[in-house]
Amino acid sequence: MGKTLVHVTTSIVIKEIENVLATYPEFPYQYMFYQSNIREDLIAYVLSRIPNHYEVIDNSEASSKSQELHQLSSEQKLYLENWIHTGIYNLFHLMGNYSWDNYPMPQTFTSRSISSNF
């Protein structure tokens, strides 16, 4: 039976990015980071700045084990969240040189803006 090397940090980072982005305004932050290429940049930014962990598992366990999230200590969680916030800030301001006209506002944002004016 073969073994597989699983990068467990990626799934943890993706989950924490989702949690942190949920605390930001929908537009422009959440909208911008739900663009797949910018989200990938954020994931890469965070992964390149934190310790990464791998596990060797049997191939028969690979699909279920790779989805399993490990528990983070409070200190690890804060450390990770700090890098996520820093990445959001840096990538958001790096993108400030392009026009928001290139990205139409989400329909839900537009309808909320209109209804709040009444």
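Axes are lines fitted to C-alpha atoms, for helices over the stretch in contact, and angles run from 0 to 180 degrees between N-to-C directions. The model described here is predicted. Two packed helices are described by the angle between their axes and the distance between the axes.

Helix 2 and helix 5 pack at an angle of about 95 degrees. Their axes lie 11 Å apart. Angles of 65 to 115 degrees count as roughly perpendicular. Helix 2 and helix 5 are therefore roughly perpendicular to each other. Helix 2 contributes Pro 28, Tyr 29, Met 32 and Phe 33 to the contact, and helix 5 contributes Ile 88, Leu 91 and Phe 92. By class, the contact of helix 2 with helix 5 has seven nonpolar residues, with no polar and no charged ones.

Pro 28 also takes part in a cis peptide bond. Helix 2 spans residues 26-33 and includes Pro 28. The bond joins Phe 27 to Pro 28, with omega at about 10 degrees. Most peptide bonds are trans.

Helix 5 also packs against helix 1. Helix 1 covers residues 8-21, and helix 5 covers residues 74-94. The angle between helix 1 and helix 5 is about 65 degrees, and their axes are 10 Å apart. This pair, helix 1 and helix 5, is therefore roughly perpendicular. The crossing of helix 1 and helix 5 is right-handed. On the helix 1 side, the contact is formed by Ile 12, Val 13, Glu 16, Ile 17, Val 20 and Leu 21. On the helix 5 side, Lys 77, Leu 80, Glu 81, Ile 84, His 85 and Ile 88 take part. By class, the contact of helix 1 with helix 5 has eight nonpolar residues, one polar residue and three charged residues. Ile 88 of helix 5 meets helix 1 and also belongs to the contact with helix 2.

Helix 1 has a further partner in helix 3, which runs over residues 36-47. Helix 1 and helix 3 pack at an angle of about 120 degrees, with axes 10 Å apart. Helix 1 and helix 3 are therefore oblique to each other. Their crossing, that of helix 1 and helix 3, is right-handed. Thr 9, Thr 10, Val 13, Ile 14, Ile 17, Glu 18 and Leu 21 of helix 1 meet Arg 39, Leu 42, Ile 43, Val 46 and Leu 47 of helix 3. The contact of helix 1 with helix 3 divides into eight nonpolar, two polar and two charged residues. Val 13, Ile 17 and Leu 21 of helix 1 meet helix 3 and also meet helix 5.

Tyr 54 lies in strand 2. Beyond residues up to four places away in sequence, Tyr 54 touches Leu 5, Val 6, His 7 and Val 8. Tyr 54 and Val 8 are 46 residues apart in sequence. In space, their C-alpha atoms are 5.6 Å apart.

The largest pocket holds about 280 Å³ of space. The lining of the largest pocket has 14 residues, and the closest to its centre are Ile 12, Pro 51, His 53, Leu 72 and Gln 76. Helix 1, strand 2 (54-58) and helix 5 each supply at least two residues of this lining. By class, the lining of the largest pocket divides into eight nonpolar residues, five polar residues and one charged residue. Ile 12 is among the residues closest to the pocket centre, and Ile 12 of helix 1 also takes part in the contact with helix 5.

Notes. Residues are numbered from 1 along each chain as its sequence is written. This is a predicted model: local features need pLDDT of at least 70, side-chain atom pairs count only at pLDDT 80 or more; totals for chains, interfaces and linings use all residues. Side-chain values use heavy atoms; hydrogens and water are left out. Helices (H or I, at least four residues) and strands (E, at least two) are DSSP runs, numbered from the N terminus. Angles under 35 degrees count as roughly parallel, over 145 as roughly antiparallel, 65 to 115 as roughly perpendicular and the rest as oblique. A crossing is left-handed if the near helix is turned anticlockwise from the far one by less than a right angle, and right-handed if clockwise. Contact means heavy atoms within 4.5 Å. Ala, Val, Leu, Ile, Met, Phe, Trp, Tyr, Cys and Pro count as nonpolar, Asp, Glu, Lys and Arg as charged, and the others, Gly among them, as polar. On a 1 Å grid over the protein atoms alone, a cavity is a set of points where a 1.4 Å probe fits but cannot get out, and a pocket is an open set with protein on both sides within 12 Å along at least five of seven lines; lining residues have an atom within 4 Å of a point. Grid points are joined across faces, edges and corners, and a volume is the space filled by probe spheres set on the points.
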